[in-house]
Amino acid sequence: MKSDKKSRAEHIILMTKRFNDGSRLVCSEIVSRSNMAARVAAIEKWTAVADICRCLHNFNGVLQICAAFTNAAVYRLKKTWDKVPRTIKSTITKLQAVVCSDGRFRVMREALHRCDPPCIPYLGMYLTDLSFIEEGTSDFTPDGLLNFSKMRMIAHVIREIRHFQQTPYKIDHIPKVTSYLLDTSLLLDDDELYHKSLQIEPRSSRLSAPNTANV
């Protein structure tokens, strides 16, 4: 990591933080519900939000929520997931297929190229592309000349990001929703998430196997 990344990549750092905080908010809300029905309702609600994000071409939001569902503290809640309706599970599976990282996010890239802005792609996908180019290609050719091929690859990635920055969403601002989404006091850290998860669904105790050894 560059030591000056906070000053040189302020907005990237902010986007990364917002992604992690958004995903943590979903996890925190689910494990904070002590009632089974309330946890199922929370999963249903966030699945609906993720599907709306998909319809709005907000793939970043879809991945935020899907990442929360696969977080260890949420994923291990077998009794809760058993109560989630099949239709909701089917929707989650379809959403996960869209944002799956297989093939360098092949399905998401195809969806991005088909949709018209406004759109919010997953920034991490492009950061991975840039890292791959930076680490796998030299700045200079064997002859000591500037490697324009590398510069064109970098420019292509940046051009695609800028393409999706040109068209804003026309969505009414609702302060109450914004306050909720940005309220960091609602977020639990990893240890707190897992502790809550164990409280609502303790680990199954293994019964001691009968002693079959010869006496």
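The buried residues of helix α3 pack against α2 (10-31), α4 (59-69), α6 (78-83), α7 (86-98), α11 (175-181) and α12 (190-200). Here buried means under 20% relative accessible area and exposed over 50%, with partly exposed in between (1.4 Å probe, protein chains only). Helices are DSSP runs (H or I, at least four residues), numbered from the N terminus. The model is predicted: local features need pLDDT of at least 70, side-chain atom pairs count only at pLDDT 80 or more, and totals for chains, interfaces and linings use all residues. Residues are numbered from 1 along each chain as its sequence is written, and side-chain values use heavy atoms, without hydrogens and water.

The buried set of α3 consists of R39, V40, A42, I43, W46, T47, A50 and C53. These residues lie on the same side of α3 because they cover an arc of only 155° around the axis, taken from the directions from the helix axis to the C-beta atoms. The exposed residues A37, I52 and C55 are carried by the face turned away from this buried side.

At the start of α3, a side-chain oxygen of N35 comes to within 2.9 Å of the backbone nitrogen of A37. Just after the helix, H57 has a positive phi of about 65°.

Neighbours within four places in sequence aside, L112 is in contact (heavy atoms within 4.5 Å) with F59, C119, P121, M125, Y126 and F164.

Definitions and conventions:
Helices (H or I, at least four residues) and strands (E, at least two) are DSSP runs, numbered from the N terminus. A polar contact is a pair of N or O atoms within 3.5 Å; within protein, one must be able to donate a hydrogen and the other to accept it, and residues adjacent in sequence count only if both atoms are side-chain atoms.
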